[in-house]
Amino acid sequence: MTPRIEEFIAREKPQTPCVIVDLEEMVANYRAFAAAAPWADMFYAVKANPAPQILSTLVAEGAGFDAASPWEISACLAAGAAPKLVSYGNTVKKRAHIEAARAEGIDLFALDSSGEIEKLAVAAPGAKVFCRIVVANDGARWPLTRKFGCAPDEAVPLLEKARDAGLVPVGLSFHAGSQQTEPARWCEGVNWCANLFERAARRGITLDLVNIGGGFPVPYRDGDVPEPERIFDAIGNTFRDRFGDDFPRVIVEPGRAVVARAGIVRSEVILVTERSFGGAQRWTYLDIGRYGGLAESEGEAIQYTFTVDGKSGPGAQTVVAGPTCDSHDVIYETSNCELPEDLTAGDIVTLHNAGAYTTTYASAKFNGFGPPDEYYI
């Protein structure tokens, strides 16, 4: 928690549940990323947190944006982003959405299938396109394979088809998986792209863009993660090994790593009790849960660190659940989560590094529980 967030809480005493993001901290994170990879263009992954305050702040920093829908594109443009700095990175798009993006001036689109080429050729003739390939996601807490990306061997034939359909193939992309902890996964992706650049050149296609995606990790409760400098040193060295000093244009799509560390979630304890079915267990219920913004607790993949206002004594292992009358609304059950033994209803719990993938994951009002309040300071 940053000093500015602490001051805001003491002054404003916001009701829970809420998300509080320190924009100055977010800018510091963004600048650290840009400094660690001076050979790359930073395109913020809008889905991490699309709040207008975040987008306009990043526009002022000169950021580009990775958008996945017409709504996200419009939000970026409304915040002041130039269309040339917005990439439509979703590989599965409605034809009407492609047309809407093209009408807004967007000229860079992702694809990974023949069907997408057919839609793009009609809805955005002459647009620049890049093909997303599947790479290994080992080491990621939230893998992003299967649903998106083609096999690497399919990429050049797809780019040929795009060219023949009147589109302009410019490059390749991949995603190493969200909360990726192994720098080698990005290096493997770069190596695949270098190989495919050579194959494309033999087929008369000159590529000059590699989008290495996002997935850069932040520290949660389940272990240490490599810092951006270590990751980008490895990636940069791989680019130099494969491309020499003549790098292609490189796009990086940080999202979580820029905004998660800048934000927290504040939540009130509703109940602490013992349940005896299936063996005695301590249960802690919060006023935020899986449907209120903690969707990434699915499978206990993302394990937030907790602190409790005014309490730091001995901990007791507990199941942590949300407030709704839905048995799936259990946040942590098997990941050895500990909270203070003297925790009681009314205590305030802080979830750290929670500025990303929380606010927009919240349901509109499932079971009558609305999304958390949002504060950007």
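These notebook entries record what I looked up in a predicted model.

**Basis.** I number residues from 1 along each chain as its sequence is written, and I leave hydrogens and water out, taking side-chain values from heavy atoms. In this predicted model, local features need pLDDT of at least 70 and side-chain atom pairs count only at pLDDT 80 or more, while totals for chains, interfaces and linings use all residues.

**Entry 1: H8 and H9.** I looked up helix H8 (residues 184-202) and helix H9 (residues 228-243), whose axes come within 9 Å and cross at roughly 20 degrees. Helices (H or I, at least four residues) and strands (E, at least two) are DSSP runs numbered from the N terminus; axes are lines fitted to C-alpha atoms, for helices over the stretch in contact, with angles from 0 to 180 degrees between N-to-C directions. The angle makes H8 roughly parallel to H9 (under 35 degrees is roughly parallel, over 145 roughly antiparallel, 65 to 115 roughly perpendicular, and the rest oblique). I noted the crossing of H8 and H9 as right-handed, meaning that the near helix is turned clockwise from the far one by less than a right angle. In contact (heavy atoms within 4.5 Å), the H8 residues include Trp 186, Val 190 and Phe 197, and those of H9 include Ile 231, Ile 235 and Phe 239. By class, I recorded ten nonpolar, three polar and two charged residues in the contact of H8 with H9. Ala, Val, Leu, Ile, Met, Phe, Trp, Tyr, Cys and Pro count as nonpolar, Asp, Glu, Lys and Arg as charged, and the others, Gly among them, as polar.

**Entry 2: H5 and H6.** The axes of helix H5 (residues 95-103) and helix H6 (residues 114-123) come within 9 Å and cross at roughly 45 degrees. H5 is therefore oblique to H6, and the crossing is right-handed. I found Arg 95, Ile 98, Glu 99 and Arg 102 of H5 in contact with Glu 116, Lys 119, Leu 120, Val 122 and Ala 123 of H6. This contact of H5 with H6 has four nonpolar, no polar and five charged residues.

**Entry 3: largest pocket.** I read about 830 Å³ of space in the largest pocket. A pocket is an open set of points on a 1 Å grid over the protein atoms alone where a 1.4 Å probe fits, with protein on both sides within 12 Å along at least five of seven lines; lining residues have an atom within 4 Å of a point. Of its 37 lining residues, Lys 47, Arg 132, Leu 144, Phe 148 and Tyr 357 lie nearest the centre. The lining divides into 16 nonpolar, 13 polar and eight charged residues.

**Entry 4: backbone.** I found Tyr 357 in the loop between strand E19 (348-351) and strand E20 (373-376), with a positive phi of about 55 degrees although it is not a glycine. The peptide bond from Thr 16 to Pro 17 is cis, with omega near -5 degrees. Pro 17 lies in the loop between helix H1 (3-12) and strand E1 (18-21).

Conventions:
Grid points are joined across faces, edges and corners, and a volume is the space filled by probe spheres set on the points.
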